[in-house]
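The following exercises concern a predicted model. Please work through each task before reading its solution.

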Amino acid sequence: MTDVKTIKKTAEEFAKEQKEISISEFFEKNKHLLGFDNPTKALLMTVKEAVDNGLDACEEAGVLPDVNVKIKQTGEDRFRVIVQDNGPGIVKEQIPKIFGKLLYGSKFHRLRQSRGQQGIGISAVVLYSQLTTGLPTKVWSRTDEKKKVHYYELFINTTKNEPEIVKEQTMDDGLERGVKVEIDVVGRYRKTQSVDDYLKQTSVANPFARITYNAPDGTKIIFPRSFDKLPKPPKEMKMHPYGVEFGILQRVLGKTNSKTLQSFLVNEFSSVGAQTAKEICKVAKLDPNAKPTSLDRAGIEKLLNAMQKVKIQRPPLDCLSPIGKEELEKSLKKEYPQAEFITVVEREPEVYRGMPFQIEVGVVYGNVGSNEEPIDVLRIANRVPLLYQAGACSTIESAKDVDWKRYGLQQPKNSLPIGSAILVIHMSSVWVPFVSESKEAIAPYPEIVKEMKLAVQDAARELSRYLSGKRRAGEQKRRIQIFERYAKEVAASLSVLTGEEENIIEKKLLSIIENRNKMKNFEEQETVTIPVAEANSKTNPKERRKEKSLEEFREE
Ligand SMILES: Nc1ncnc2c1ncn2[C@@H]1O[C@H](COP(=O)(O)OP(=O)(O)OP(=O)(O)O)[C@@H](O)[C@H]1O
Ligand SMILES: [Mg+2]
């Protein structure tokens, strides 16, 4: 036994050292968790959080977004970032909390597709700004042209995780409607893999947005809209029983207004009608008329198990807002006008842990990079481009997992294929499972990786068709050139043998070659296009999927 006298520090002494840690203090020490681990990334995060919020606000308010981004270099490693949107603005009382308190927002508690979801984005930027420059963040907000502009200068009080207002003012002008934010940060500007790429890709994923960008080097870029219509607004969904865990079920049971277990299941969950609710209660051996609050730990366990066992319809899919096949195609054509070939595929929505999600994949081929380098992958989650942590992302995992040689591209082992191509992978979901708070990579859930791989294979198949067509055309051209080269000599010999004029024979020979070529083209088109046309004419996506999965099975 240890002698009490030999203990160097007592529990009482330990107890005196225990202190609550404020969330702001925690992230002040761990800014890398929020994506501020180096100056280049920090500058990107500053722009990204403000732009994502502006686009979310505009889309939710039904306004076509017009977002202005201006970055000024104010010192060797100092930048002033100004982002302005034309959204609904923020009411006066909410401004300090939104910008001056971590974990405060309107999107965390709901299940509806949006760019932001954590309630930490813009306040993290304010935190980083004050940490590196000591300067306050400036915010202007106007909710209506007839109302005044509310102006704030603020910090976050990191001990309390509360806003600290240093200036508050009402103005007559400065902003028509929306939010404008001015933030000073320590950062580094580089042309690639940063703000410029993020804005370009944002424009691809949000074809209805107009983005104006004034870069620190003085260049001004306007990303115009390629669509003048907002996407259909996604609807909010309730939790699906398949995605629920014990603690969450316990909490919801504790605060529900429903009087019975049956009505609790119907009211709180998606895809549960009276019949399904009864069935769940039956499997759980619980009384459907029992009071939800009366369930003890064992009862909750039984209910949870039954919720996973009973066959329940998939969640509603109108909570998703994919970019759209036509929209993404048009957007890619606008951004990569020099490309030889562009294709987009959109998969049917799927579900992981009760959360609906949908994958869209685009392939841009030719004149978009070196033929000797790995292809570029544009990773997008809920219309937000992801630029870092590619290695941890399910998009890259799925792209590497495809056997690209089958589709006409070289591929070193366990790597991305080689070629002048861009692969775009977009995941839309009511909750994107990011690997960290910095929202840089999508966690590789098996359901998500599988669905992404299937989508990539669908698009790769289209690319392969294009590449084999191109190869055939090249071969034919070479064949014709050979024939044409010999036609003159053959005509001369035939003229000697037959006495016919040489140039008449040559003309005839060339016309035979042309006709033969036309016929060959026609035959080849018949064999290639008919099955494709048939496959596309199947309007029932399930049928089409069945057919594709058979192909995919073969590809495995
Ligand atoms: N430009 C804006 N216009 C209108 N409302 C805004 C704007 N910027 C932020 N908000 C509101 O402030 C909230 C907090 O923003 P914040 O960026 O901190 O979190 P979020 O967008 O909810 O989630 P995430 O942490 O994933 O970005 C948002 O949920 C939104 O309601
Ligand atoms: Mg946000």
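**Exercise 1.** Against which helices and strands do the buried residues of helix 5 pack?

Solution. Begin with burial, for which a residue needs 20 or more other C-beta atoms within 10 Å of its own. Ten of the 13 residues of helix 5 are buried, and the helix is thus mostly covered. These buried residues are Gly121, Ile122, Ser123, Ala124, Val125, Val126, Leu127, Tyr128, Ser129 and Gln130. Next, identify their partners: the buried residues pack against helix 2 (23-29), helix 3, helix 4 (94-100), strand 3 (137-142), strand 4 (149-157) and strand 6 (178-186).

**Exercise 2.** Determine what span the 13 residues of helix 5 should have, and compare it with the distance between its end C-alpha atoms.

Solution. The expected span is 1.5 Å times one less than the number of residues. Beyond the helix, Gly134 follows with a positive phi near 75 degrees.

**Exercise 3.** Describe the shell around ligand 1 by helix and by residue class.

Solution. First, locate the contributing helices: helix 3 (39-61) and helix 5 (121-133) each supply at least two residues of the shell. Helix 3 gives the largest share, four residues. Second, sort by class: six residues of the shell are nonpolar, eleven polar and three charged. Finally, of the 20 residues around ligand 1, those that come nearest are Asn53, Ala57, Gly105, Gly116 and Gly121. Gly121 is also among the buried residues of helix 5.

Key
Residues numbered from 1 in each chain as written. Chains lettered and ligands numbered in written order. Predicted model: local features only at pLDDT ≥ 70, side-chain atom pairs only at ≥ 80, totals over all residues. Near = placed C-beta within 6 Å. Nonpolar A, V, L, I, M, F, W, Y, C, P; charged D, E, K, R; others polar. Buried ≥ 20, exposed ≤ 12 C-beta atoms within 10 Å, placed from the backbone. Contact = placed C-beta atoms within 7 Å.
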